[in-house]
Amino acid sequence: MEILDDFLGTLGNTPLVALRRYHPDGALLAAKIEFFNPGSSVKDRIGIAMIEAAERDGTLKPGMTIVEPTSGNTGLGLAIAAILRGYRLICTASEKISKEKVAMLEAHGAEVVICPVDVPADDPRSYTKVAERIRDQQGAFLPYQYFNQANPEAHYRSTGPEIWRQTDGRLTHWVAGIGTGGTISGVARYLKERNPGVRVVGVDPVGSVYAYFQEHGRLPSPDELRLYLIDGIGQSYVPESYWPEYIDEVVTVDDRTAYRAVFELARSEAIFTGSSGGAAVHAAREVARRLPAEALVITLLPDSGERYLSKLNDEWLRERGLLDG
Ligand SMILES: Cc1ncc(COP(=O)(O)O)c(C=O)c1O
C-alpha cells in the first residue's frame, strides 16, 4: 500500500517548475516550489532536522519544551515535528508576523509570544532575548536556527541533492533569498562540491546587511539599516547559519519590486508565492536576462502567498505605497 507513516513523509522532493511565461527568452529559469512541503514552506526541512540533531546529541529529551524565535515558517516546521515527536512548542515572534502565521501556529497547539519589532536584537524585549529567557526559566530547548548548523546542513543533505538530481547536474546559477542563510548556504555548498563552476547569487532586501557584508567584508553602520516589508529575508547581523564562503554575489531587491513580482508571477505562471519568493524570482530573472540560452538558473520559492493574504491585497499595499499608479 502507498501509505506514508506520518505527515513528515511528505517532506521534500518538491517540484522544480520552468518559468517560461515569466521569463520567455534566453536562459531557462526554473523555481523550486517549497509550499509543497507539509507545513507549506521550506522551513519544514529544518524543523525536523534541528529536532533530530538535538535528540542525537542529547540536548533534547522526551517531554521537553522547545522555544524558538521565528517569523512563523520555522515555527510551523518545528510545530509539525514537535507534534509528531511529542514535544511542547513556544514561539516568540516580532510584531511583523502575519495574523495568518499566528493562527497557524496556535491551530497546531503552539504558544505564540509577540514582541516589539523596533528594538535592537540585544534589547531584553526583543523576540530573541525573550526566547532565551523562556529557555533559561523553563529548561527548554532553543534550536536557534540562526546559530544551528543543522539548519544549513539540512539543505546540504536534502534541498541541494534534489536540485542537482532534478537538473541532471546541468544548472549554472543558484539564486536564493537570505534569511538565516541556511537555504542558500547548504544548497550552495552541495552544488559547488559537485560543480565548482555553479555561480551562487544571494538576494537581500534593501535595508538589510548581507549585500553590504558581501561587498565590504564588514557590517554597515546601524544608521544604514532600514525597515523593509519583505517577509522572511534580510537581517541586521551575519548569523552562523550563513556560510559566506559559498556565496559569489549578493543583490538587493526593494519592497515594491518584490511585491510587484509576486503578482506578476501569479498572473503569468499561476504560482502564488510570498514576498521573499517575489524578491528571489525577480532577482533570478535579472540574472537569467544577462545569460546565454544554454544557462540554467534555479531559484526557490520559500512559501505561498496564501500565508500573507492580509498583506497581499490592494488596501495593505496602497497604504504602504507599494501599488503602481
Ligand atoms: C518566508 C521566508 N522566506 C525566506 C526565508 C529564508 O530562508 P533561510 O532562512 O534559509 O535563509 C525564510 C526564513 O527565514 C522565510 O520564512
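Taken over C-alpha atoms, the centres of domain 1 and domain 2 lie 24 Å apart in what is a predicted model. The domain assignment, which is automatic or comes from a database, gives domain 1 as 7-36 + 158-319 and domain 2 as 44-138. Where the two meet, domain 1 puts 22 residues and domain 2 puts 14 residues into the contact, contact being heavy atoms within 4.5 Å.

Residues are numbered from 1 along each chain as its sequence is written. Local features need pLDDT of at least 70 and side-chain atom pairs count only at pLDDT 80 or more, while totals for chains, interfaces and linings use all residues, and side-chain values use heavy atoms, with hydrogens and water left out.

About 1500 Å² is buried between domain 1 and domain 2, and carbon and sulfur atoms give 54% of that area; the buried area is the accessible area (1.4 Å probe) that the two parts lose on being put together, summed over both. Of the area that domain 1 buries against domain 2, Leu8, Leu11 and Arg307 supply 41%, more than any other three residues.

Glu162 forms a salt bridge with Arg45, and their closest N and O atoms are 2.9 Å apart. By class, the side of domain 1 that touches domain 2 has seven nonpolar, seven polar and eight charged residues, where Ala, Val, Leu, Ile, Met, Phe, Trp, Tyr, Cys and Pro count as nonpolar, Asp, Glu, Lys and Arg as charged, and the others, Gly among them, as polar.

Notes
Salt bridge = Lys/Arg side-chain N within 4 Å of Asp/Glu carboxyl O.
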